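The following paragraphs lead the reader through a single structure, from its overall fold to individual residues. Please keep the sequence and the model in view while reading.

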Amino acid sequence: MSKTNSNTQSSAPSLHDALASIPKKFRTRILDTYEEIKKRFNEALYDSEYDSAGLSTGKFVESVMRFLQQELTGTSTPFGQHIPNLPDECRKLIQLPSTAG
């Protein structure tokens, strides 16, 4: 896994370092899918095929959703299992009390 730095300043921490406090199983998925988005988007700049970047973005969103579920509720949809209704899952998190997590 490459260390990602989304800021061009050399003094800025890498994305990997910035996410160091996130549990590894979530951090790895988030970083890997982020790198995939960047790769596919850069490829799409040459062939105008943005669909694959969109698919990678969906995987990124699902990884972040699982992390938020875990942090705020103590449980998450396992990786490899379909999140049945992403908008409903988002609403569930939004409706949690501000003390959650």
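Helices (H or I, at least four residues) and strands (E, at least two) are DSSP runs, numbered from the N terminus. The model is predicted: local features need pLDDT of at least 70, side-chain atom pairs count only at pLDDT 80 or more, and totals for chains, interfaces and linings use all residues. Residues are numbered from 1 along each chain as its sequence is written, and side-chain values use heavy atoms, with hydrogens and water left out.

The protein chain contains four helices and zero strands, giving the pattern α-α-α-α along the sequence. Its C-alpha trace spans about 45 × 35 × 20 Å along the principal axes. Of contacts (heavy atoms within 4.5 Å) between residues at least 6 apart in sequence, 42% join residues at least 24 apart. Lysine 25 is located in helix H2 and counts as exposed, its relative accessibility being 52%.

The terms for burial are set by relative accessible area: buried means under 20%, exposed over 50%, and partly exposed in between (1.4 Å probe, protein chains only). Of the 101 residues in the protein chain, 24% are buried. A nonpolar core is a set of buried Ala, Val, Leu, Ile, Met, Phe, Trp, Tyr and Cys residues joined through side-chain atoms within 4.5 Å. The largest such core has seven residues: Leu15, Leu19, Ile22, Phe26, Ile30, Leu31 and Phe67. Helix H2 (residues 24–47) supplies the largest share of this core, three residues.

Serine 14 sits in the segment before helix H1 (15–18). With a relative accessible area of 12%, serine 14 is buried. A polar atom of its side chain lies 3.0 Å from the backbone nitrogen of aspartate 17.

The surface can be considered next. Accessible areas come from the Shrake-Rupley method with a 1.4 Å probe, and for residues only the protein chains shown count as cover. The accessible surface of the protein chain comes to about 6,900 Å², and 54% of it belongs to carbon and sulfur atoms. A nonpolar surface patch is formed by Phe41, Leu45, Tyr46 and Tyr50, which together have about 490 Å² of accessible area. Patches consist of residues with over 30% relative accessible area and no salt bridge, with like charges joined within 9 Å and nonpolar side chains (Val, Leu, Ile, Met, Phe, Trp, Tyr) within 5 Å; a salt bridge is a side-chain nitrogen of Lys or Arg within 4 Å of a carboxyl oxygen of Asp or Glu. Phenylalanine 41 lies in helix H2 and is partly exposed, at 40% relative accessible area.

Note on methods
Polar contact = N/O pair within 3.5 Å; in protein donor to acceptor, adjacent residues only side chain to side chain.
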